[in-house]
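Please look through the structure shown below before reading on. The report that follows takes up its sheets, helices, domains and chain contacts in turn.

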Amino acid sequence: MIPKLMQSLVLPVANAKASRRQFMLGALAAGGGVAVGYHILASSTAAASETAADGNKAVAFTPYLTIDNTGKVMVLSSQFEMGQGSYNGLATLVAEELDADWSSIDVQGVAGNVKAYGNVAFGGAIQGTGGSTSMVTSWERYRKAGAAARAMLVAAAASEWGVQPAEITVENGVLAHPSGKTAGFGAFAAKAAAMPLPVDVKLKQPADWKLIGNAKLKRFDSTRKTNGTEQYTIDVNLPGMLTAVMIHPPMFGAKVKSFDAAAARSVKGVVDVVETPRGIAVVGEHMWAAIKGREAVKVVWDDTDAEKRSTPELMAMYKDLAGKAPVAIARKDGDVDAGFAAAAKVIEATFEFPYLAHSAMEPLNAVARRNEDGTLEIWGGHQFPDVYQMLAGQIVGITPDKVQLHVMKTGGSFGRRAVFDGDVVVESVYVAKAIGFRAPVKVQWTREDDMRAGRYRPSYVHTLKAGIDGDGKLVAWSDHIVGQSIMAKTAFDGMIQNGVDPTSVEGANNLPYAIPNQTVGLTSTDVGVPVLWWRSVGSTHTAFAAETFIDEIAEAAGRDPIEYRLSMLDPQSRHAVVLKLAAEKAEWTKPLPKGRFRGVSVAESFGSVVAQIAEVSTDDSGGIKVERVVAAVDCGLAVNPDQVRAQVEGGIGFGLGAILGEEITLTSGKVDQGNFDVYTPLRIDAMPVVEVHILASANPPSGIGEPGVPPIGPAVANAVYKALGKRIRTMPLAKSFNA
Amino acid sequence: MVTLTINGSEHKVEAEPDMPLLWAIRDLVGLTGTKFGCGMAQCGACTVLLDGAPVRSCQTFIGDVGNAKVTTIEGLSGKVAETVQTVWADLDVPQCGYCQSGQIISATDLLTNNPRPTDDDIDAAMTGNLCRCATYHRIRAGIHEAAKRLEA
């Protein structure tokens, strides 16, 4: 039932046969799209009046903000905050139009009102955070909400003061009249919220913006993240709450046959040991009791249906498939066979990409409590709240509206908390149910649980083939991608058209280069390892394969890598513009000191285009270090320029860590890595100096949480080739030297 | 029963001596600024000061703490720490913020012992503190800026 409903939610998008980018731009062009129409401001189902935790009285103006009697503005965010700065972005939009005092702004996550919070970029019918769409979906909506609240405050003040609304000014959270009357928002909040919603609101002209585009604006939430007071899911502590750890199957698809919890039950602080559809849960008075209890549980597993293969076997199968004809075609231009036949030179290469773990710093967790009235409350990183409401409601036998979600901030996610099956969220409900709802339950995964629970960036193999003519012109290109589909067998499988999962081929089937004959083929594999979107999704591998291969072709053609790319791009295109900007800022044509080498790449993802030039050094032992990265970014209008910079800096570190050392492998179906001793994200000693240059743009904002990631791998690989003469085609990078 | 001195206050906790200090701080004392990231001293999110020296509280057992004074992010004080925290906010270092208690304690310790650290000093001192958002670029800038302000 759930999958069917979810499918119906996403089908309108799939039927339109629009690519993600087309769809996003379409939604923008429509002036707000499905759910962003002005009328939605009036459909407030947020609490009309609520007493906030601080004891002050807050009133809702729209589903998007409340103001309390002290003038504090609480932005109600449809977008989940995992560090990417969406809360800050939405706060900026509201505060700008509200003319609020920036220091009076706070943000909290909300869920349960899809009319108001549905993500425009996903078709509007489902709330969710992903695809770097927070600004896309919020740009109109939250500015209008701010403007409407401002108009209502002005109307209330005008009525109270007996003056004309037009004579009232608002600045920095203060309403003022030329007669000398002034007041803060708090004085009129209650009266203003009861005012009729303005029929229409005018948004500011860009020239009048004080906060949007202001590079000096500081994040509203940095101080609480420096003194330990920021509250994450792990910090939720309810009266009487118990803490559970899970024993998940050791292989994907294995099931509990039997278990013996007698010894565990005698461990001090262990309260219960229960079976759930997702494994055994050890429930303790606190985390340590649960962990110690877990060590004492004996489980016998039924691995009949488990995935038992090892990584070398899977990669051999992938490579074999990659040498055959693709099952589905994602792009076909011209006649690629004729193109290769006529080419003066043909080059081929095979690329291998491992499974990658998100491994956010906060291991997955959620807290569930059933109340006396039968309603359920769940605290967690609710990246797909509507899905979690439905799934949780099903487990308990209540309708989704009886499931109240508390959207917590989380220590990272990178896509990991946007899951189809509810994952740890449903686990918390299962465990609470299994103990008869006698206490609220926090399910807290350990690092090992988190790393071994699957939902990885899928492993892929690409075979690429290119043909150049006698002048070095690229005349034919084929890319065959082999790997698991993220959307297959999920509620999102309606997105798969003609056998092509768009998340498998994005970044490969929309190459910007003018290539007359090209095909992009896909063979989706059936492997029992759960997979998921991992920051920048398909472009994590497609951009790497394409942009390193382009470099190889440029070399075969005897051309400079940037000049060669530009020769295949419209000079006015976004790709060309950011490439030229990066080249200029990195002084591409200026010789480097001895021992330093450069590489370039450009990639489009989530509506934004990013070019990067990486500078690497080598030492006597052949070791390489990435010293500096210059990035040029076109993400449309940069709402928070310093946060755009931060996302690109962080994206570079995130992507660099992956190519330098991250890899999840399986031995007879069991995940080999469990912790950061062997799964190795980037550490500070490998972090390059990063320069981010943001293209001035008047276009609506596009994505920025992810687009900094795709170009770093190929830029570094291209620089490493210059340094060591070795093409990097097997990830992580060191494997290319053993291959 | 073990007695712990945390941020200047004594706390009697009902627990076995093999309980990691991390879980005593979080689950028994109720201070949540110290974070769980790996449980095996690989990520530094749980860093606290023990008699002024940084330790990974996930691998420090309460039975071994004895009379040593524990300082968590909530109790961190002094000119160096306050400067680091101010700079962290001024430069908008945190993204998700989850690892930053540990980063700030390590940075404070570094600057306390080495008022003018080089990039290499910073790498050496901070490499045990993982940040999955990779805010390293700003952590480095933040430490240099704090050093500058402390010198002034």
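## The sheet of chain B

In chain B, five strands make up an open sheet with mixed pairing, and their order across the sheet is β2-β1-β5-β3-β4. The edges are taken by β2 (9–13) and β4 (53–56) of chain B, each of which has a single partner strand, so one side of each is left without a neighbour in the sheet. From one strand to the next, the twist averages 40°. This description, like everything below, rests on a predicted model.

Within this sheet, strand β3 (residues 47–50) of chain B and strand β5 (residues 69–71) of chain B run antiparallel and are joined by two bridges. Leu50(B) has Val70(B), in β5(B), standing opposite. Helix α1 (residues 21–29) of chain B packs on the sheet, where it touches β1 (2–6), β2 and β5 of chain B, and its direction makes about 90° with that of β2(B). Helix α4 (residues 100–113) of chain B also packs on the sheet, touching β3 and β4 of chain B, with a direction that makes about 40° with that of β3(B).

## Two domains in chain B

The domain assignment divides chain B into domain 1 (2–75) and domain 2 (79–151). Taken over C-alpha atoms, the centres of domain 1 of chain B and domain 2 of chain B are separated by 21 Å. Their contact takes 13 residues from domain 1 of chain B and 11 residues from domain 2 of chain B.

On the side of domain 1 of chain B that touches domain 2 of chain B, the largest share, three residues, comes from β3(B). By class, that side of domain 1 of chain B has seven nonpolar, five polar and one charged residues.

## A helix pair in chain B

The axes of α4(B) and α6(B) come within 11 Å of each other and cross at roughly 45°, which makes α4(B) oblique to α6(B). The crossing of these two helices, α4(B) and α6(B), is right-handed.

Which residues meet where α4(B) and α6(B) are in contact? From α4(B) come Gln103(B), Ala107(B), Leu110(B) and Leu111(B), and they meet Ile139(B), Ile143(B), Ala146(B), Ala147(B) and Leu150(B) in α6(B). By class, this contact of α4(B) with α6(B) has eight nonpolar, one polar and no charged residues.

## Where the chains meet

Between the two chains, 45 residues of chain B are in contact with 46 residues of chain A. On the side of chain B that touches chain A, the elements that give two or more residues are α1, α3 (79–90), α4, α5 (119–126) and α6 (136–151) of chain B. The largest share of that side, four residues, comes from α6(B). By class, the side of chain B that touches chain A has 23 nonpolar, 14 polar and eight charged residues.

## Domains of chain A

For chain A, the domain assignment gives domain 1 (15–225), domain 2 (233–304 + 364–444) and domain 3 (311–356 + 456–738). The centres of domain 2 of chain A and domain 3 of chain A, taken over C-alpha atoms, are separated by 37 Å. In the contact between them, 10 residues come from domain 2 of chain A and 12 residues from domain 3 of chain A. The side of domain 2 of chain A that touches domain 3 of chain A has, by class, seven nonpolar, two polar and one charged residues.

## A helix pair and a sheet in chain A

Helix α11 (residues 385–396) of chain A and helix α12 (residues 424–434) of chain A have axes that come within 10 Å and cross at roughly 20°, which makes α11(A) roughly parallel to α12(A). The crossing of α11(A) and α12(A) is right-handed. In α11(A), Tyr388(A), Leu391(A), Ala392(A), Ile395(A) and Val396(A) meet Val425(A), Val426(A), Val429(A), Tyr430(A) and Lys433(A) in α12(A), and the residues of this contact divide into nine nonpolar, no polar and one charged.

Chain A also has an open sheet of five strands with mixed pairing, in the order β14-β22-β21-β20-β15. Here β14 (328–333) and β15 (345–353) of chain A stand at the edges with a single partner strand each, so one side of each is left without a neighbour in the sheet. The twist averages 10° from one strand to the next. Nine bridges join β15(A) to strand β20 (residues 460–468) of chain A, and the two run antiparallel; Glu348(A) stands opposite Lys465(A) in β20(A).

Note on methods:
Residues numbered from 1 in each chain as written. Chains lettered and ligands numbered in written order. Predicted model: local features only at pLDDT ≥ 70, side-chain atom pairs only at ≥ 80, totals over all residues. Domains from an automatic or database assignment. Contact = placed C-beta atoms within 7 Å. Nonpolar A, V, L, I, M, F, W, Y, C, P; charged D, E, K, R; others polar. Pairing = 2+ DSSP bridges. Axes fitted to C-alpha atoms, helices over the stretch in contact; angles between N-to-C directions. Parallel < 35°, antiparallel > 145°, perpendicular 65-115°, else oblique. Left-handed = near helix turned anticlockwise from the far one by under 90°.
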